[in-house]
Amino acid sequence: MQTLKSWAARTATVAGLCLSAALPATAQTVYQVPAMSDFSGPFSSIMPMMAGGREAVATWWNAEVGAKMGVKIEVKSYDTRYDAAQTASLWPGVLATKPLVGLSAGGPDTAALQQRLPTDKVVMISGSAANGSGWRPNQWVLTPRPTFVHEITGFIEWYQKTKTPGRPVKVAMFTTEASPSFADMAKGVSAYAKASPNLVNLVEMVFVDVQPTDVTLQLRRVLNAGAEVILVPTNIQQAVAVKRAMQALGKNVPIVHGLQNSPGMLQKLVGSMAAMEGDYEVHGGVITSEEDTEAKRFYDLLVPGTA
């Protein structure tokens, strides 16, 4: 939970910094920050925590920064259901509030808005990792994290070096073509495997439904083919389906999760944190662990704002 809140905190903090640079000091000027959200789609289970992180940063920023500038920001959530068409349909109403900065939940927002934002003069801060489609000139979507593929391949290189030195590691990946972000991951990891045969052997790119009910047959197939690591960097539903299939098969091959389907969240759905033993979470971001770090101190500062 801390990781998800720190993700929201990081992106909301960037939004505050953008506002600090853009806004004049006036007597209590209020600006609305639209927050693209998913309260009824594939990420609805983690959205309350992400929204809480956003609100906590806004509360902190208003007290510590905005008050000195005569500026207050108000975060308003828009439920896009993690759907590009819904984001596009909501955008005219969002623009009517005259925002300077907005918060993106992920790939569908980028797909729907990235070509519009330069004209609309709105900077969008993405809480998700970047996509290959976002690497274009004059983009007004700022992404603190690298691409999903950078995050995944960074893990693959670490795992190969530390666990299977001298030979490529055999991996399989579960994803879907129904989401622009997840399809982009598949293309990137496939291209990386083709270019790096000395590091990774891609056993299979397994395409399943966005919210699959059972993937036991697919998992058995890739395990029988020798997969040593199962990549599921997509959503919670796919991660849970793969974990339950692993349990049903009585296997304990490591599963690699993304920030948005972290073991801390999944353990509530699969029984306990002990069920996640041996799995990994991978992302290019700051983790607020129990150690006394700058990130942890900032997280602790925000906690009262999430009550």
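In this predicted model, Asp292 and Arg297 pair up in a salt bridge, with their closest N and O atoms 2.9 Å apart. Asp292 is exposed, at a relative accessible area of 62%, while Arg297 comes out as partly exposed at 46%. This pair belongs to a set of seven salt bridges.

Another of these bridges joins the side chains of Arg167 and Glu228, at 2.6 Å from N to O. Arg167 sits in the loop between H6 and strand S6 (169–175), and Glu228 in the loop between helix H8 (216–224) and strand S8 (229–232), so the bridge ties together parts that are 61 residues apart in sequence. Arg167 is partly exposed, with 36% relative accessibility, and Glu228 is partly exposed too, at 22%.

Helix H8 also supplies Arg221, which bridges to Glu204 in strand S7 (residues 200–207), 17 residues away. Here the closest N and O atoms are 2.7 Å apart. Arg221 has a relative accessible area of 42% and counts as partly exposed; Glu204, at 23%, is partly exposed as well.

Turning to helix packing, the axes of H6 (residues 148–163) and H7 (residues 180–195) come within 9 Å of each other and cross at roughly 40 degrees. That angle makes H6 oblique to H7, and the crossing is right-handed. On the H6 side, the contact is made by Phe148, Val149, Ile152, Thr153, Ile156 and Glu157, and H7 meets them with Asp184, Met185, Gly188, Val189 and Tyr192. Sorted by class, the H6–H7 contact has seven nonpolar residues, along with two polar and two charged ones.

Note on methods: Residues numbered from 1 in each chain as written. Predicted model: local features only at pLDDT ≥ 70, side-chain atom pairs only at ≥ 80, totals over all residues. Heavy atoms only, no water. Axes fitted to C-alpha atoms, helices over the stretch in contact; angles between N-to-C directions. Helix = DSSP H or I, 4+ residues; strand = E, 2+ residues; numbered from the N terminus. Parallel < 35°, antiparallel > 145°, perpendicular 65-115°, else oblique. Left-handed = near helix turned anticlockwise from the far one by under 90°. Contact = heavy atoms within 4.5 Å. Nonpolar A, V, L, I, M, F, W, Y, C, P; charged D, E, K, R; others polar. Salt bridge = Lys/Arg side-chain N within 4 Å of Asp/Glu carboxyl O. Buried < 20%, exposed > 50% of the residue type's maximum accessible area, 1.4 Å probe, protein only.
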